[in-house]
Amino acid sequence: MLDAEPSVLHKIQQWVFSLSSTNFRPFRHTATVISLGFITTVCDIYAKAKKAHDNSTVLLEKEKKSKKSSRTKELERILGDHQKQLKTLTELMESTYDR
(Lines give C-alpha, C1' and ligand atoms only; values in the text may rest on other atoms or scores of the structure.)
Protein backbone atom coordinates (compact mmCIF):
# COMPACT_ATOMS: atom_id res chain seq x y z
CA MET A 1 0.00 0.00 0.00
CA LEU A 2 2.83 2.41 0.78
CA ASP A 3 4.32 2.00 -2.68
CA ALA A 4 0.98 2.13 -4.49
CA GLU A 5 -0.65 5.09 -2.71
CA PRO A 6 1.86 7.28 -0.87
CA SER A 7 -0.57 10.22 -1.03
CA VAL A 8 -2.95 8.44 1.37
CA LEU A 9 -0.23 8.16 3.98
CA HIS A 10 0.77 11.78 3.42
CA LYS A 11 -2.82 12.95 3.98
CA ILE A 12 -3.11 10.91 7.17
CA GLN A 13 0.19 12.35 8.40
CA GLN A 14 -0.99 15.90 7.73
CA TRP A 15 -4.20 15.23 9.60
CA VAL A 16 -2.45 13.71 12.62
CA PHE A 17 0.20 16.44 12.73
CA SER A 18 -2.41 19.18 12.59
CA LEU A 19 -4.37 17.48 15.38
CA SER A 20 -1.25 17.23 17.50
CA SER A 21 -0.79 21.00 17.58
CA THR A 22 -4.36 22.04 18.36
CA ASN A 23 -5.37 23.70 21.62
CA PHE A 24 -8.08 21.12 22.22
CA ARG A 25 -6.53 18.51 24.53
CA PRO A 26 -8.60 15.45 23.43
CA PHE A 27 -7.47 15.99 19.83
CA ARG A 28 -3.83 16.20 20.90
CA HIS A 29 -4.26 12.99 22.89
CA THR A 30 -5.90 11.23 19.96
CA ALA A 31 -3.15 12.39 17.60
CA THR A 32 -0.51 11.08 20.02
CA VAL A 33 -2.21 7.70 20.28
CA ILE A 34 -2.52 7.44 16.49
CA SER A 35 1.12 8.45 16.00
CA LEU A 36 2.41 5.97 18.58
CA GLY A 37 0.29 3.19 17.11
CA PHE A 38 1.55 4.00 13.65
CA ILE A 39 5.25 4.03 14.55
CA THR A 40 4.85 0.86 16.63
CA THR A 41 3.31 -0.91 13.66
CA VAL A 42 5.98 0.35 11.28
CA CYS A 43 8.71 -0.81 13.68
CA ASP A 44 7.10 -4.26 13.97
CA ILE A 45 6.91 -4.54 10.18
CA TYR A 46 10.53 -3.38 9.91
CA ALA A 47 11.65 -6.01 12.42
CA LYS A 48 9.89 -8.77 10.46
CA ALA A 49 11.31 -7.51 7.16
CA LYS A 50 14.81 -7.31 8.67
CA LYS A 51 14.52 -10.88 9.96
CA ALA A 52 13.36 -12.11 6.54
CA HIS A 53 16.25 -10.22 4.92
CA ASP A 54 18.76 -11.79 7.29
CA ASN A 55 17.33 -15.26 6.68
CA SER A 56 17.48 -14.72 2.92
CA THR A 57 21.09 -13.58 3.18
CA VAL A 58 22.06 -16.70 5.10
CA LEU A 59 20.18 -18.92 2.62
CA LEU A 60 21.87 -17.23 -0.32
CA GLU A 61 25.32 -17.67 1.20
CA LYS A 62 24.61 -21.37 1.82
CA GLU A 63 23.32 -21.78 -1.71
CA LYS A 64 26.42 -20.10 -3.17
CA LYS A 65 28.66 -22.48 -1.22
CA SER A 66 26.63 -25.46 -2.37
CA LYS A 67 27.56 -27.19 -5.59
CA LYS A 68 23.94 -27.12 -6.73
CA SER A 69 23.20 -23.46 -7.33
CA SER A 70 19.81 -23.77 -9.01
CA ARG A 71 18.05 -21.42 -6.55
CA THR A 72 20.71 -18.70 -6.47
CA LYS A 73 18.94 -16.34 -8.89
CA GLU A 74 15.62 -16.78 -7.11
CA LEU A 75 17.22 -16.09 -3.73
CA GLU A 76 19.00 -13.01 -5.12
CA ARG A 77 15.65 -11.70 -6.37
CA ILE A 78 14.02 -12.34 -2.99
CA LEU A 79 16.94 -10.64 -1.24
CA GLY A 80 16.54 -7.64 -3.55
CA ASP A 81 12.84 -7.44 -2.68
CA HIS A 82 13.66 -7.51 1.03
CA GLN A 83 16.25 -4.76 0.59
CA LYS A 84 13.68 -2.62 -1.23
CA GLN A 85 11.15 -3.13 1.58
CA LEU A 86 13.72 -2.17 4.21
CA LYS A 87 14.67 0.94 2.25
CA THR A 88 11.03 1.99 1.91
CA LEU A 89 10.36 1.46 5.61
CA THR A 90 13.54 3.31 6.61
CA GLU A 91 12.64 6.27 4.41
CA LEU A 92 9.12 6.27 5.84
CA MET A 93 10.37 6.35 9.41
CA GLU A 94 12.96 9.02 8.67
CA SER A 95 10.60 11.26 6.74
CA THR A 96 7.87 10.96 9.33
CA TYR A 97 9.70 11.10 12.63
CA ASP A 98 13.10 12.69 12.00
CA ARG A 99 11.92 16.20 11.26
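Tutor: Among the elements of the protein, helix 2 has the highest mean pLDDT, 89, whereas helix 1 (residues 6–20) has the lowest, 79; pLDDT is the predictor's confidence in each residue, on a scale from 0 to 100. Helices here are DSSP runs of H or I with at least four residues, strands are runs of E with at least two, and both are numbered from the N terminus. This is a predicted model, in which local features need a pLDDT of at least 70 and side-chain atom pairs count only at pLDDT 80 or more, while totals for chains, interfaces and linings use all residues. Residues are numbered from 1 along each chain as its sequence is written, and side-chain values use heavy atoms, with hydrogens and water left out. The protein as a whole averages a pLDDT of 83, and 89% of the residues score at least 70.

The setting is a protein of three helices and zero strands, with the order α-α-α from the N terminus on. Helix 2 has 41 residues and spans 60 Å from its first C-alpha to its last, close to the 60 Å expected at 1.5 Å a residue, where the expected span is 1.5 Å times one less than the number of residues.

The buried residues of helix 2 are Ala31, Ser35, Ile39, Val42, Ala49, His53, Ser56, Leu60 and Glu63; buried means under 20% relative accessible area, exposed means over 50%, and partly exposed lies in between, with a 1.4 Å probe and protein chains only. Across the protein, buried residues make up 22% of the 99 residues. Glu63, which lies in helix 2 (residues 25–65), counts as buried because its relative accessible area is 14%, and its C-alpha atom is 8.6 Å from that of Leu75, twelve residues apart along the chain.

Ile39, Val42 and Ala49 also belong to the largest nonpolar core, whose eight residues include Leu9, Leu86 and Met93 as well; such a core is a set of buried Ala, Val, Leu, Ile, Met, Phe, Trp, Tyr and Cys residues joined through side-chain atoms within 4.5 Å. Helix 2 and helix 3 (72–97) each supply at least two residues of this core, although the largest share, four residues, comes from helix 3.

Ile34, in helix 2, is partly exposed because its relative accessible area is 31%. Leaving aside residues up to four places away in sequence, Ile34 touches Trp15 and Val16, a contact being heavy atoms within 4.5 Å, and its C-alpha atom is separated by 9.8 Å from that of Gln13, 21 residues apart along the chain. Ala52, also in helix 2, is partly exposed at 26%, and the C-alpha atoms of Ala52 and Ile78, 26 residues apart along the chain, are separated by 9.6 Å.

Finally, the structure holds one aromatic pair. The ring centres of Phe24 and Phe27 are 5.0 Å apart and the planes stand at 80°, so this pair is edge-to-face; rings of Phe, Tyr and Trp (its six-membered ring) pair if their centres lie within 6.5 Å, and planes under 30 degrees apart count as stacked, over 60 as edge-to-face and the rest as tilted. Phe24 is partly exposed at 46% relative accessibility, and Phe27 is partly exposed at 41%.
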